[in-house]
Amino acid sequence: MSATIDAAQVGADFTRTFGTAPDGVWAAPGRVNLIGEHTDYNEGFVLPFAIDRAAAVAIRLRDDSTARLVSSYGEQLVVEVDLDTLSHDTMTGWTAYPLGVVWVMRQMGIAIGGFDLYLHSTVPSGAGLSSSAAIECAVATAFNELENAGLSLNELVLVGQRAENEVVGAPTGILDQSASLLSTDGHAVFLDCRTQESSLVPLDLAAAGLLILVVDTKVTHAHATGGYAARRASCELGAEVLGVAALRDIAAADLPEAAGLLDEETFRRVRHIVTENQRVLDTVGVLGDAGPAAIGALLTASHASMRDDFEISCPELDLAVDTALAQGALGARMTGGGFGGSAIALIPVADEAAVSAAVVRAFADAGFTAPDIFAVSPAPGARKVS
Ligand code: GAF
């Protein structure tokens with residue numbers, strides 16, 4: 001599957017499916033989070049960038065209240081619903097992402113009527129690269145424009161997050177939607193998740209002779225269940241016991257005292273968030289001073305913190321990171337929510353083949369499913385593409 005979205009093809013697939021041309025095609029990218037994991041819902045800092053893999057939706061408005069949705073994935077069955085009967089707890093499968101966004105926007109008073117929608121995505125699902133946020137942001141961007149809703153990018157971020165929280169049922173933060181909506185080519189997005197203030201940080205990997213390799217371990221995860229929610233609950237407990245609004249308010253200097261107030265496990269969860277916030281700030285500083293070649297140690301320290309303190313890594317992610325480092329990566333870490341998904345490695349361009357081969361070999365030797373490995377670079381955010 002080609003990673004690049006072919007807007008004309010998506011439009012043609014819409015026309016073939018529904019018999020008329022779409023009103024437009026909108027695309028929104030997946031993301032790699034360079035650093036700052038699980039800090040978003042603790043009102044802290046993150047530093048993601050959009051990748052050149054995206055979800056694209058072709059949409060045509062109808063003059064009734066029917067929505068018909070088709071995805072290029074699988075059997076291409078038409079899912080048909082009456083928007084007037086839509087309820088936040090009845091949407092299932094992939095259509096929960098586009099319909100969730102429509103439900104939230106209608107809740108906000110935006111008069112979205114019936115529509116036909118065709119989805120094509122090149123963001124692998126379950127790989128920790130925000131395939132769901134990519135769909136949400138493409139759909140939110142489309143209806144913001146089609147209905148002249150006038151929502152700002154930060155408001156669209158919150159639309160996507162509400163769809164994820166209230167419809168899909170995943171208690172996620174604003175990292176993924178912010179990356180998908182706020183990114184521009186060649187930059188990472190430095191975001192303060194408390195205020196939603198953001199700035200663009202130049203990330204010219206090629207000029208430094210570097211690239212970021214993604215290792216999709218093929219261990220899939222879902223944030224609506226299990227570990228993600230448990231980590232969030234631990235963080236909330238930590239903040240409550242420490243008497244702060246969010247763990248953002250705890251500084252490294254507070255950790256010795258926190259250790260005496262928290263049970264051992266909650267303390268390690270808190271320590272990850274506190275040190276990870278500092279690593280994001282440090283990474284932004286180092287990028288501005290010495291450039292990307294100097295951030296490797298921060299990335300690797302972030303992985304160790306997620307593996308040992310936050311306990312969201314898995315053997316496949318650890319093997320990807322360790323193998324890349326042994327093969328000369330400047331830094332490596334898992335990216336995204338964890339419990340599977342992808343690792344990233346910052347490597348010299350010349351080492352791409354050797355690092356990839358070493359990781360493939362290590363996975364085979366360990367008896368793991370073969371990983372998917374590809375290079376990414378900072379790409380533009382959500383936009384109309386046709
Ligand atoms: C997932 C969530 F959707 C984000 O909000 C964020 O918490 C991330 O995991 C971990 O940093 O991608």
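Okay, let's start with the ligand: domain 1 (7-201 + 380-384) and domain 2 (204-376) both give residues to the shell around it, so the ligand lies between them. Those domain bounds come from an automatic or database domain assignment.

Quick housekeeping. This is a predicted model, where local features need pLDDT of at least 70, side-chain atom pairs count only at pLDDT 80 or more, and totals for chains, interfaces and linings use all residues. Residues are numbered from 1 along each chain as its sequence is written.

So who's around the ligand? There are 12 residues, and E37, T172, G173, L175 and G337 come nearest. "Around" here goes by the C-beta atom, placed from the backbone, lying within 6 Å of the molecule. The shell splits into 2 nonpolar, 7 polar and 3 charged residues.

Next, the record. UniProt, in an unreviewed entry, puts "binding site" at S132 and E164. They span 33 residues in sequence, but no two of their C-alpha atoms are more than 8.4 Å apart, so they gather at one spot. Bear in mind that such annotations may be inferred rather than shown by experiment.

S132 sits in helix α3 (residues 131-146), and E164 in helix α4 (residues 153-168); helices are DSSP runs (H or I, at least four residues).

Which residues does E164 touch, not counting those up to four places away in sequence? S132, E136, A170 and T172, where contact means C-beta atoms, placed from the backbone, within 7 Å.

Notes
Nonpolar A, V, L, I, M, F, W, Y, C, P; charged D, E, K, R; others polar. Helix = DSSP H or I, 4+ residues; strand = E, 2+ residues; numbered from the N terminus. Contact = placed C-beta atoms within 7 Å.
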